[in-house]
Amino acid sequence: MTFRRTALVATLSVVALTAAACGGGDEETATDVPVAEAPEFEAGTTMAELAEAGSMTVGTKYDQPFFGLEGLGGELEGFDVEIAKIIAAELGIAPEDIDWEETPSSVREEVIEGGEVDMVVATYTINAERAERITFAGPYYEAGQQIMVLSENDEITGPEYFTENPDATICSVRGSTPSEQIRPYLANEGQLTLFDEYSQCADSLSTGQVDAVTTDNVILLGFVSESDGEFKLVGEQFTEEPYGIGIEKGDVEFCQFINETLAANEEAYVAAWEATAGQIEGTQTPELPEPNECV
Amino acid sequence: MSRQESVLYDAQGPKARRRTLIGTGVAVLVLLGLAYLVVQRLAERDQFSMELWGPLINPGNESFEAVWRLIGEGIRNTLIAAALAMTLSIVLGTVIAVARLSLGRIGRIPLIGFVEVFRGLPVVVLVYFGVRVLDDVGVDLSGLPGGQVLWGLVLGLTAYNMVVFAEIVRAGVASLPKGQREAALATGLTPGQTMRIVLLPQAFRTMLPAIISQLVVVLKDTSLVTFIANYDELLSQGESIRRNLDNPIQTFTVIALLYIAINYALGRLAQYVERRQSRARTTGGEAEAEATDGIEGAPVRTGS
Amino acid sequence: MSPVFENFGAFVDGFLTSLSIILWALVGSLVLGIVIAACRVSPIPPLRAFGTFWVTTFRNTPLTVVLFFCAFGLPEIGINNSFFFFGVLGLVLYTSAFVCEAVRSGINSVPAGQAEAARSVGLNFTQGLRYVVLPQALRTVVPPLGSVVIAMFKNSAVVGAFGVGGELWGTGLTLTSARGFETLPIFTGVAIGYLCITLPAGALLQVLERKVAIAR
């Protein structure tokens with residue numbers, strides 16, 4: 001119940017903080033990357049096309065506090081959003097020229113394959129299956145899967161609890177990596193409740209409909225910090241979730257460009273983190289991970 | 001209403017009236033008791049607090065404007081999708097109905113199979129096919145005005161509703177007096193002309209109430225897209241509001257009331273049109289018009 | 001179609017879960033629908049008003065909204081149960097309005113003379129309903145009620161989006177989105193699964209209609 005009270009407040013405070021970070025400019029952005037003016041790219045590359053067009057379409061989540069969340073006024077904020085802005089700036093595209101597209105977990109590969117978006121920055125875990133359909137740039141962040149429970153719950157200490165207690169239920173999002181990675185720990189299918197969004201899982205945890213929620217720790221930490229002491233994390237990370245930027249399969253040049261852009265803008269990267277996910281209690285400012293090879 | 005009562009019971013005598021009065025008292029008490037339980041439950045959980053309701057009902061609230069702008073957009077998008085799906089379904093449904101009526105006994109079989117398959121599938125599955133599968137197999141709808149998701153949704157809804165309309169139109173044509181067709185043919189019209197000029201216009205007139213009733217179904221089904229892709233119709237906007245304000249009961253109450261208001265108005269319109277038509281058809285036969293009250297002339301309004 | 005055979009077990013499970021949702025909802029919505037219909041035709045005004053309120057509310061609200069209320073609203077006021085229960089409950093509430101209307105229109109279709117004749121031979125309200133009106137109403141009720149029930153079978157797919165694990169549609173979503181199978185074969189499989197329920201049901205309904213049909 002307390003979870004609800006604070007949700008809007010937290011969202012609004014993020015808006016306020018991001019607005020403050022850019023010194024009261026019109027555009028709410030945390031990243032002070034200067035938008036490149038008429039950058040030069042080799043003809044025929046994705047970068048040249050995008051720079052030429054002066055705009056790009058980016059897929060992100062609209063329901064992920066601190067990573068990609070749409071406010072009531074339609075404005076987007078979060079770490080993923082800022083990362084996308086850094087990349088766009090290097091292409092000579094101002095934040096207001098980015099067309100945002102909502103890409104929930106279940107559609108990400110499809111919209112990339114279908115060419116509906118130029119890239120996806122949406123808490124997107126790099127894994128082999130996905131890499132068969134699309135190319136990942138990055139990673140730009142390394143998360144790990146954990147479990148969130150009500151604060152007064154002392155029984156659940158890790159994923160093994162669900163193997164031993166076949167009546168205990170756990171919630172995750174359909175189509176997400178965590179929802180698949182928890183399965184080996186479950187005694188039966190019925191223990192897993194799947195929704196479209198994590199906020200529905202958090203709601204259900206709050207009302208006692210499920211016993212736990214599992215996904216990447218940073219996402220859970222967002223809910224914990226909003227919940228005013230109602231939720232807590234338990235146990236160790238039991239997976240590694242490197243977040244990448246999804247682009248069209250085989251676009252090696254664009255992939256390398258993204259990796260180079262991130263490496264060249266460490267300061268903006270840190271600022272982006274601190275203005276968004278860095279607001280969550282218990283998180284540490286990450287260092288940009290070593291990029292994977294572009295394939 | 002008065003008519004239907006008289007089917008089941010006589011005008012009441014003093015004893016029966018007393019019993020009804022007692023029954024009324026008991027029923028009122030029970031219903032009030034239930035209502036009280038619900039209200040008390042809500043109050044206990046602080047569900048009436050202005051913190052939760054304010055953004056929806058208090059114009060002075062800081063979120064009020066944003067919330068109602070979202071809702072307004074949602075209603076508009078819901079109506080757009082429903083109107084498009086409705087128009088397409090009527091056109092395609094008529095084509096199927098005419099084809100079914102003009103094909104021979106054997107030629108009709110594949111068409112019936114086609115109709116049965118579409119009628120047997122959940123709308124949500126057809127909408128999924130429209131929005132996702134079409135895209136995956138390379139049908140590009142994104143060039144159309146309104147975008148890929150809108151048209152995927154419209155096509156999914158159309159796939160389901162066109163066969164419903166085909167049935168409505170077929171029943172409408174079948175309900176016309178035989179003489180209409182015979183007379184038309186006798187005056188030298190071809191079968192095609194007979195259908196187009198004589199039979200269909202009349203069928204549409206009798207089927208108008210059913211068509212309006214079906215519009216309610218289409219309108220409700222637009223909300224299914226929430227689970228499939230991002231199209232900002234009324235329910236999706238409600239989700240967006242809930243996500244920000246975290247007041248599910250309040251937001252969905254408002255959303256539900258809006259749906260009810262729109263659909264109730266449509267339902268009344270259907271009834272009104274039907275009464276007017278029945279009166280026009282059976283001058284002096286008021287009873288027949290009344291007897292169909294409640295069925296709304298629509299054997300098809302079955303929930304989906 | 002090979003992705004379907006690869007995951008045949010998941011499909012069978014999904015099919016069975018869908019069937020059990022359908023069976024529970026069938027019983028529930030028939031019982032509740034008939035109770036509401038009884039309210040709507042009863043001589044007691046507040047019950048009639050309640051019946052009308054019920055039908056207006058649930059017939060004009062999308063099933064999705066009803067399900068949102070059940071899955072997220074009820075726990076909010078301290079009513080906890082499995083998502084399976086909430087899903088079936090939402091389906092029952094929604095369908096009961098349509099069942100009620102089908103039953104009521106059936107009762108209305110019985111000529112007034114029948115009930116009058118019943119009363120004139122001394123049957124009271126309940127007896128008249130039980131021995132004269134309802135048996136005849138049943139015959140006109142079967143076709144619309146059948147369509148309502150088949151519509152409910154199809155609507156059961158929506159329940160999958162509300163936390164009910166592994167029914168047919170949800171299985172399709174999990175297979176395509178989490179495990180990356182192609183959408184076309186998987187959802188063709190899902191579609192066939194539903195046809196396996198609705199087509200036989202439709203055929204059964206036709207047989208039933210013929211059985212109870214009366215020459216008028």
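Two strands count as paired if DSSP finds at least two bridges between them. In this predicted model, that rule applies to strand 6 (residues 119-125) and strand 13 (residues 241-248) of chain A, which are joined by 3 bridges and run antiparallel. Within this pair, Tyr124(A) has Gly244(A) of strand 13 as its bridge partner.

Both strands belong to an open sheet of 5 strands in chain A, where the order is 5-1-6-13-7 and the pairing is mixed. The edges of the sheet are strand 5 (98-102) and strand 7 (134-143) of chain A; each has a single partner strand, so one side of each is left without a neighbour in the sheet. From one strand to the next, the twist averages 25°. Strands of a sheet pair through backbone hydrogen bonds, and they may do so parallel or antiparallel.

Glu293(A) lies in the segment after helix 11 (266-275) of chain A.

The next step is from chain A to chain C. In the contact between them, 23 residues come from chain A and 14 residues from chain C. On the side of chain A that touches chain C, at least two residues each are supplied by helix 5 (128-133), helix 7 (177-181), strand 10 (192-195) and helix 8 (198-206) of chain A. Strand 10 of chain A gives the most to this side, with 4 residues. By type, the residues on the side of chain A that touches chain C are 3 nonpolar, 11 polar and 9 charged.

Chain C also touches chain B: 58 residues of chain C are in contact with 54 residues of chain B. Which elements of chain C give two or more residues to the side that touches chain B? They are helix 3 (45-60), helix 4 (63-76), helix 5 (83-109), helix 6 (112-120), helix 7 (125-159) and helix 9 (183-212) of chain C. Helix 7 of chain C provides the largest share of that side, 13 residues. The side of chain C that touches chain B divides into 36 nonpolar, 16 polar and 6 charged residues.

Key
Residues are numbered from 1 along each chain as its sequence is written. Chains are lettered from A and ligands numbered from 1 in the order in which they are written. This is a predicted model: local features need pLDDT of at least 70, side-chain atom pairs count only at pLDDT 80 or more; totals for chains, interfaces and linings use all residues. Axes are lines fitted to C-alpha atoms, for helices over the stretch in contact, and angles run from 0 to 180 degrees between N-to-C directions. Two residues are in contact if their C-beta atoms, placed from the backbone, lie within 7 Å. Ala, Val, Leu, Ile, Met, Phe, Trp, Tyr, Cys and Pro count as nonpolar, Asp, Glu, Lys and Arg as charged, and the others, Gly among them, as polar.
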